[in-house]
Amino acid sequence: MILVGEKTSGSSVMDKVGKNIIDHVSNSDIDHAIVQLPQLFGINMSVTKHVLMLWIVALLVSITIIIPVRAYIRQNNFIPKGMANAIESITQFIRDSIVAPNVGPKWVNTWTPLMLTFFFFILFANGIGMIPVFDILGVINRFVFNVPYEADHNFVNGLLHGGVTATGNFNVTAALAIITFFSIMIAGTKAHGFINHWKNLVPHGLAWPIYIILIPIELMGLLVKPFALTMRLAANMTGGHIALLALLSLMAIFAEMFHSAAAGIGVALISVPMAAAISGLEIIVVIVQAYVFTLLTAVFVGMAINVHH
Amino acid sequence: MTNESDNFLAQSLKQFQRFVHKAGPSASASYTLLAAVLFLGALGFYADNYFNSSPIFILVGLSIGLIIGFYELAKSVFKK
């Protein structure tokens, strides 16, 4: 069916596969913004797909975490039930396994809330990327309500531009990494004072010419740490989705190459189970990436608090 | 039976916690090594484009990236 559609439009599947994959992992462009808004201080304030996804994630985190926790606090019984029980297990795991060993017992209660916020927010943002809500809406729109894909003014069609994984956007991960950067600064300043925090960047008691080399290296190192967080999370979240789409695109590519639907179906027998397997792997990646971001933030904050040279 | 499986799960989780604790600094060092090379390399690339001086700044950027990356790695390896 795709093949027939592509042939009639006059361009091959191969021409469209790359664009289609990029469109599925990147943010919707400003021309296809979900809500068009004017510029403010030279910045276009339009709501794009990833901005919408961030709002949805914030709402979901609020509903699934804040409400059960507030209900638990209000109750007279100290034993958590249902959702609060699950949240308690995760909270305890993050506090005892990630935060406490890195920042130390004195600062564990100071930094656990931030780490938990990172973990839950990234987990939900990664996880929502695995749920094809908008794609299903698009299919219903196309085949039940018979709205053509080209109808740009249709609201549901507007939602189809761009990917749903907000953490696959480098701007989102950079924003999270900037929070980490300032957390490192605040942690070091709170633990040692402002001047001592900067003094602690380099080892003490070295010959002064060494400092000419060491100080720029340490300052660059400060910037490199959030950069590592930015690249790692966004690249991992984008990579898995690209692999999935590339595998599924093989069906259309082979069908066109051999001018036969049977070739496409034959490849589907291999590519669809492989895509299903990668989807399973992606579920692990969703959890692991949220966990690694939290762990690395805890390590970096811990390095600012417990200075070793 | 339940006790045995609970014990096994508890032990596995404890072991996992131990691994996590040990792996944290290594993970941060490896990511920093890679990120330093990429970050400084990218800065060098853009500087070369701006000054039209290819490949001087990209080579300088990559070299400094390597130095910073290995310095951070050494810091975590030789930590007291």
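Where does H10(A) bend, and by about how many degrees? The bend lies at A:Leu250 and comes to about 30 degrees. The legends below place this helix and other sites in a predicted model.

**Figure 1. Helix H10 of chain A and the residue that follows.** H10(A) spans residues 208-257. Just past the helix, A:His259 adopts a positive phi of about 50 degrees. Helix H11 (261-305) of chain A is one of the helices that join H10(A) in supplying residues to the side touching chain B.

**Figure 2. The contact between chains A and B.** Chain A brings 20 residues to the contact, and chain B brings 20 residues. On the chain A side, H4 (83-103), H10 (208-257) and H11 (261-305) each give at least two residues. H10(A) provides the largest share, with nine residues. Sorted by class, the chain A side holds 13 nonpolar, four polar and three charged residues. For the complex, the predictor reports an ipTM of 0.73 and a pTM of 0.85.

Figure 3. H3(A) covers residues 49-74, which makes 26 residues. At 1.5 Å a residue, a helix of this length should span 38 Å. The C-alpha atoms at its ends lie 37 Å apart, so the model agrees with that expectation. H3(A) also bends, by about 30 degrees, at A:Ser62.

**Figure 4. The buried residues of helix H3 of chain A.** Which residues of H3(A) are buried? They are A:Lys49, A:His50, A:Val51, A:Met53, A:Val57 and A:Ile65. These buried residues pack against three helices of chain A: H4, H5 (108-128) and H8 (170-192). H4 of chain A also supplies at least two residues of the side that touches chain B.

**Figure 5. A:Asn154 in a loop of chain A.** A:Asn154 sits in the loop between helix H6 (133-143) and helix H7 (155-159) of chain A. Is this residue buried, partly exposed or exposed? A:Asn154 has 17 other C-beta atoms within 10 Å, so it is partly exposed; a buried residue would need 20 or more. Beyond four places in sequence, A:Asn154 touches A:Asn141 and A:Val147. A:Gly280 is 126 residues away from A:Asn154 in sequence. In space, the two C-alpha atoms are 33 Å apart.

**Figure 6. B:Gly69 in helix H2 of chain B.** B:Gly69 belongs to helix H2 (residues 56-77) of chain B. Within 10 Å of B:Gly69 lie 26 other C-beta atoms, so this residue is buried. The cut-off for a buried residue is 20 or more. Which residues does B:Gly69 contact, leaving aside neighbours within four places in sequence? They are B:Thr32, B:Leu33, B:Ala36 and B:Val37. B:Ala36 is 33 residues from B:Gly69 along the chain, and their C-alpha atoms are separated by 5.4 Å.

**Figure 7. Chain B as a whole.** Chain B contains two helices and zero strands. Its radius of gyration is 21 Å, well over the 12 Å that the globule rule gives for 80 residues, so chain B is more spread out than a compact globule. Along the principal axes, its C-alpha trace spans about 70 × 25 × 10 Å. Of its 80 residues, 26% count as buried. Among contacts in chain B with a separation of 6 or more, 58% come from residues 24 or more positions apart. The mean pLDDT of chain B is 83, with 90% of its residues at 70 or more.

**Figure 8. Chain A as a whole, with its N-terminal residues.** Chain A holds eleven helices and two strands. From the N terminus, the order of elements is α-α-β-β-α-α-α-α-α-α-α-α-α. Its C-alpha atoms fill a box of roughly 75 × 60 × 45 Å along the principal axes. Buried residues account for 32% of the 309 residues. Of the contacts in chain A between residues at least 6 apart in sequence, 67% join residues at least 24 apart. The average pLDDT of chain A is 88, and 96% of the residues score at least 70. Over residues 1-8 of chain A, pLDDT stays under 50. For this stretch, the model has ten contacts beyond four places in sequence.

Methods: Residues numbered from 1 in each chain as written. Chains lettered and ligands numbered in written order. Predicted model: local features only at pLDDT ≥ 70, side-chain atom pairs only at ≥ 80, totals over all residues. Contact = placed C-beta atoms within 7 Å. Helix = DSSP H or I, 4+ residues; strand = E, 2+ residues; numbered from the N terminus. Nonpolar A, V, L, I, M, F, W, Y, C, P; charged D, E, K, R; others polar. Expected span 1.5 Å × (residues − 1). Bend = angle between axes of the 7 residues up to and from the residue. Buried ≥ 20, exposed ≤ 12 C-beta atoms within 10 Å, placed from the backbone. Rg over C-alpha atoms; globule rule 2.2 N^0.38 Å. pLDDT = per-residue confidence, 0-100.
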